[in-house]
Structure formats: C-alpha cells, structure tokens
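Please look over the sequence and the model shown here. The report that follows takes its parts one by one.

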Amino acid sequence: MIHLLTWSHYFELLKCEDEMEMQFYFQEAINQKWKVRELKRQIKFSLFHRHALSTDKRNFR
C-alpha cells in the first residue's frame, strides 16, 4: 500500500473546522503533492474559503 500523506499531514488536517474543508485540503495535498509546510500555509491563508468564494461568484453570473 502506498501512503500518499504523512502522519504530519493528517495531524494538520484534523485541525480543520468541518469535514468538507478537511476533504478539500486532503485532495489538494495529494493532487498538488504538498509537503506539510505548504499544507499548513494553505490552511493558514484559507485557500478553501477563498476557493469557495470564487466558485460562488462564477455561479451567480
């Protein structure tokens, strides 16, 4: 079995406020091959929320 994320990744993911947010970062970390430092940075700067806002704007046009 190939492990795509480290224990440290999961530790950071568990800090997410809701499951949808956690799943978003989980998928992005795998797809983008983020190291733990990058995952922490993206969570800190709210990539999930910024992405959700940008997606909502496109749906309302």
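## The aromatic cluster

Phe 24 and Tyr 25 are both buried (buried means under 20% relative accessible area, exposed over 50%, partly exposed in between, with a 1.4 Å probe and protein chains only). The model is predicted: local features need pLDDT of at least 70, side-chain atom pairs count only at pLDDT 80 or more, and totals for chains, interfaces and linings use all residues. Residues are numbered from 1 along each chain as its sequence is written, and side-chain values use heavy atoms, with hydrogens and water left out.

A pair of aromatic rings is described by the distance of the centres and the angle of the planes. Rings of Phe, Tyr and Trp (its six-membered ring) pair if their centres lie within 6.5 Å; planes under 30 degrees apart are stacked, over 60 edge-to-face, and the rest tilted. The whole structure holds five aromatic pairs. One of them joins Phe 24 and Tyr 25 edge-to-face, with 5.4 Å between centres and 75° between planes. Together with Phe 48, these two residues form one aromatic cluster.

Phe 48 sits in helix α4. Helices (H or I, at least four residues) and strands (E, at least two) are DSSP runs, numbered from the N terminus. Why is Phe 48 called buried? Its relative accessible area is 11%, so Phe 48 counts as buried.

Which residues does Phe 48 touch, leaving aside its neighbours within four places in sequence? They are Met 20, Glu 21, Phe 24 and Tyr 25 (contact means heavy atoms within 4.5 Å). Met 20 is 28 residues from Phe 48 along the chain, yet their C-alpha atoms are separated by 9.2 Å.

## A buried charge

Glu 21 belongs to helix α2. Glu 21 is buried but has no salt bridge. The nearest side chain of opposite charge is Arg 50, 11 Å away. Here Lys and Arg count as positive, Asp and Glu as negative; His and the chain ends are not counted.

A polar atom of the Glu 21 side chain lies 3.3 Å from the backbone nitrogen of Glu 17. Beyond its neighbours within four places in sequence, Glu 21 is in contact with Cys 16, Phe 48 and His 49.

## Salt bridges

Side chains of opposite charge can pair when their charged atoms come close. A salt bridge is a side-chain nitrogen of Lys or Arg within 4 Å of a carboxyl oxygen of Asp or Glu. The whole structure has two.

Glu 12 pairs with Lys 15, the closest N and O atoms being 3.3 Å apart. Glu 12 is buried because its relative accessible area is 10%. Lys 15 is exposed because its value is 53%.

Glu 38 and Arg 41 form a salt bridge at 3.2 Å, N to O. They are three residues apart in helix α3, so about one helical turn separates them. Glu 38 is partly exposed at 23%, and Arg 41 is partly exposed at 42%.

## Two loop residues

Lys 33 is not a glycine, yet its phi is positive, about 55°. Lys 33 lies in the loop between α2 (19–31) and α3 (36–44). Its relative accessibility is 70%, so Lys 33 counts as exposed.

Ser 46 also has a positive phi, near 55°. Ser 46 lies in the loop between α3 and α4 (47–59). Ser 46 is partly exposed because its relative accessible area is 28%.

## The whole chain

The protein has four helices and zero strands. Of its 61 residues, 23% count as buried. Among contacts between residues at least 6 apart in sequence, 48% join residues at least 24 apart.

Key
A polar contact is a pair of N or O atoms within 3.5 Å; within protein, one must be able to donate a hydrogen and the other to accept it, and residues adjacent in sequence count only if both atoms are side-chain atoms.
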